[in-house]
Amino acid sequence: MSKLSVLFFAMLVILSGCSSNEGVQEVEQEVIDGTEETNISKDSETTIKLNGIPIRIEAEKVNNDADVELTVVLDDGQIQQFKVDAESGQTIELTNEQTTKAVPFFIKPSADMMIQTEVSQPKGNLEMTPLLLQENEFVYVDQNGDVVFGNEEQELGRLAINALPDSNLLVDDKNRILVLTQPSTRYDHGIFGDQIEASGFAIIDAQERKLIQEASVPQKDVIESLKPIWVDWDQNGTKEIVLTLSNDRDGARLVLFDETGKQLAEGQPLGQSHRWRHALTVGAFLSKDKLELAEITTPHIGGTLQFIEWDQESESLKVTASGSEYSTHSIGSKNLDMHTSMDSDFDGQIELWVPSQGKNELIGVQRTAEGFNTINQFPLQGYISSNIVSVSNDDQAILAAGTDSATLTVWTFVK
Ligand SMILES: [Ca+2]
Ligand SMILES: [Ca+2]
């Protein structure tokens, strides 16, 4: 066990000791989909009262992918951990039990918040969660815009590339990192809590700790996002980058770039500034051959869900299905993960899971040939306060979200 893991486990034991009195106080478990089949396992919903308001959930498969561990970060920096047991479908708090695997401790949803861990953290008042690379190595954006590589003992490398301090860091299977760069104040919308948005992006080789590619968006625009979508949309072996670009004249539009910064396609602008669109994810919502982008237009005011295709011929992003009302973001928040994609009914087709416009329901949306349908609508115990996570394998899928009523709800779907 590495030093880092040992330290982390020590921290867990300490935390568990502090919180065990308050453990799982109120557990409600009910069957939400009583099918007539004689199958022992059924879909279920479990709500757990937490010790505070959850703001971030991380899910990880354990025990040869059979079970799932959930790490929940509360708004005061406490961490609570749970295991969803595949066999029984039950969610159990990991208090005095040894966890099967040390979970990443780098969960830092805001600059103000100190995680209650005794593991040494990167120095500086970081705005976003550092990204854990292999072998205890991590990477983060320093306040001055440097991208910094380090491990527990020391700094390993530093790239002065003028990164956006609150950019998410994405890593791909080739160990490359995508980060937003070139902070700009030229668009004063400020929906992520400050008036500074990126106007470029960079790709870094994490192994060599070297810059591979830098690109800028058009001079009039800013990137109105903290988290690009980096995906091989046309499944030809090379990745593309989806960005929301905004300016004072045309408002927000979706633009697709290749990794060198060449524009491949764009969608219609909203035609009005200070209105946002949240590009969620690209996936096989309708067809495995033709992936679609799911997006929420104006999530703060009557959000419209749109599915969008990349028409390569016309170099445009075309809306294929549209409907309201959903919301995946709150003004001022850096949480862009209030959505997930998962196949909960095991029909081979993923659904999109998003909050209702009021953020007090979780809705499963299934794309159809005609548009999309709601296939599930789960009332929440309060207003959603965390990201939405999903984990699935061949026989089981789980979905989890937290609310401002200090609850964690886990939905389990069984094949
Ligand atoms: Ca591609
Ligand atoms: Ca499905």
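What share of the contacts in the protein with a separation of 6 or more comes from residues 24 or more positions apart? Such residues account for 47% of these contacts, a contact being a pair of residues whose C-beta atoms, placed from the backbone, lie within 7 Å.

**Figure 1. Overview of the predicted model.** This is a predicted model, in which local features need pLDDT of at least 70 and side-chain atom pairs count only at pLDDT 80 or more, while totals for chains, interfaces and linings use all residues. Residues are numbered from 1 along each chain as its sequence is written, and chains are lettered from A and ligands numbered from 1 in the order in which they are written. The protein contains one helix and 30 strands; these are DSSP runs numbered from the N terminus, with helices (H or I) of at least four residues and strands (E) of at least two. The average pLDDT, the predictor's confidence in each residue from 0 to 100, is 85, and 82% of the residues score at least 70.

**Figure 2. The open sheet of strands E24 to E27.** Four strands, in the order E24-E25-E26-E27, form an open sheet with antiparallel pairing; two strands pair if DSSP finds at least two bridges between them. Strands E24 (340-342) and E27 (372-379) are the edge strands, each pairing on one side only. On average, neighbouring strands of the sheet are turned by 25° against each other, direction ignored; the axes are lines fitted to C-alpha atoms, and angles run from 0 to 180 degrees between N-to-C directions. Three bridges join E24 to E25 (residues 351-355), and Ser341 stands opposite Leu352 in E25.

Figure 3. Ala406 lies in the loop between strands E29 (396-403) and E30 (407-414). Its C-alpha atom is separated by 4.3 Å from that of Ile53, 353 residues apart along the chain. Beyond its neighbours within four places in sequence, Ala406 is in contact with Lys49, Leu50, Gly52 and Ile53.

Figure 4. A cis peptide bond, with omega about 5°, joins Ser324 and Glu325; Glu325 is found in the loop between E23 (316-324) and E24. Gln235, in the loop between E16 (229-231) and E17 (240-246), has a positive phi of about 55° although it is not a glycine. His274, in the loop between E19 (263-266) and E20 (277-283), has a positive phi of about 60°.

Terms used: Two residues are in contact if their C-beta atoms, placed from the backbone, lie within 7 Å.
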